Amino acid sequence: MSELARRWRHRLGYPALRAVLAAARLMPLSRLRALGGGLGSLALAGSRKQRRRALAHLALAFPERDAAWREAVVSACARHLGTLLGEVAWLWSAKPAAILARTEFVGLDNFTGCVGAERGAMVITGHCGNWEWLNLALGAIGYPLTVAAREVFDPRLDELARRLRGRFGGDTALRGRGAGAKLVAAVRSGGSLGLLIDQDIDAPGVFVEFFGHPAWTPSGAALLAIRTGAPMVPIFATRLADGRMRVAVAAPVLTGDAEPDDADVARITALLTSHIEGQIRAHPEQWVWLHKRWRHQPGDGDTVWRADGPIAAAANTERAELG
């Protein structure tokens, strides 16, 4: 992106978002979803590069499916991402009762049974369905999360995101100095954390198998769980055909109190990633196929992990396939 384009994005992004949020107060959720979905489709139609990247990633993850299926998933993914933005605009002012009336919880005891006065739990999820809805739905029933997040290009947008996630008592820990201490303090005081671990970012991590290929994955969640003894609970939000959001909670992953061990951290990260892959396989259109998930590949001496242990590093994924 050119410097001129970046300046204009800074200049226009925040006021445009504020205008959208103000207008959203006057619209029902169904209308916001329809508008967002249409805009998502238009955005992808206008970017051949993004479409090619998403198709390449789907071919990597689902080599057994034909081109027509992958094209359909990419189109549905574009609508999903636009719909998600419409939902976020609605969540900005929606009352707790309105959110819960449209939320179906499955296996909620797997999470609530882990939370106590002296130690909280760690919600492990990915960019599946609507993760912001998941966060606010848990807050609406009395379990606000402290969410780990990256800073964006405009501090004012960071503040808007913080206010959204904090509507029902939640908090945000921006990655960087002090974030780890804040997360540890929150979980040791009985609070719960929200961690998304399905993106290739510049953070400490390990290579784990993801759709049969090595993928660099943040390992901070596993390390934090081992250090604090907090249970990790995979939770995913899925948009249903009738407009409700299903929040499905899996059985907790327990570590107990122990000294962090590199192999344990890697195995746990691989196990959590397998949960995410399972969710994506069930609902491939509700994941971010535009993200460069296989951007980094292992080099000589790097180990790739599964939940049952290390495997030989596979041949590097072809860069051309990554878009």
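A disulfide here is a pair of cysteine sulfur atoms within 2.5 Å, and by this rule the count comes to 0. The structure is a predicted model, in which local features need pLDDT of at least 70, side-chain atom pairs count only at pLDDT 80 or more, and totals for chains, interfaces and linings use all residues. Residues are numbered from 1 along each chain as its sequence is written, and side-chain values use heavy atoms, leaving out hydrogens and water.

Let's start with the cysteines. The sulfur of Cys 77 has its closest cysteine sulfur in Cys 128, 11 Å away, which is too far for a bond. Cys 128 is likewise in no disulfide.

The table lists relative accessible areas, where buried means under 20%, exposed over 50%, and partly exposed in between (1.4 Å probe, protein chains only).

| Residue | Relative accessible area | Class |
|---|---|---|
| Cys 77 | 3% | buried |
| Cys 128 | 3% | buried |
| Phe 211 | 4% | buried |
| Arg 52 | 53% | exposed |

Now for Phe 211, which sits in the loop between strand S6 (205–210) and strand S7 (213–218). Helices (H or I, at least four residues) and strands (E, at least two) are DSSP runs, numbered from the N terminus. Phe 211 has a phi near 55°, a positive value in a residue other than glycine. Most residues other than glycine have a negative phi.

Finally, Arg 52 belongs to helix H3 (residues 48–61).
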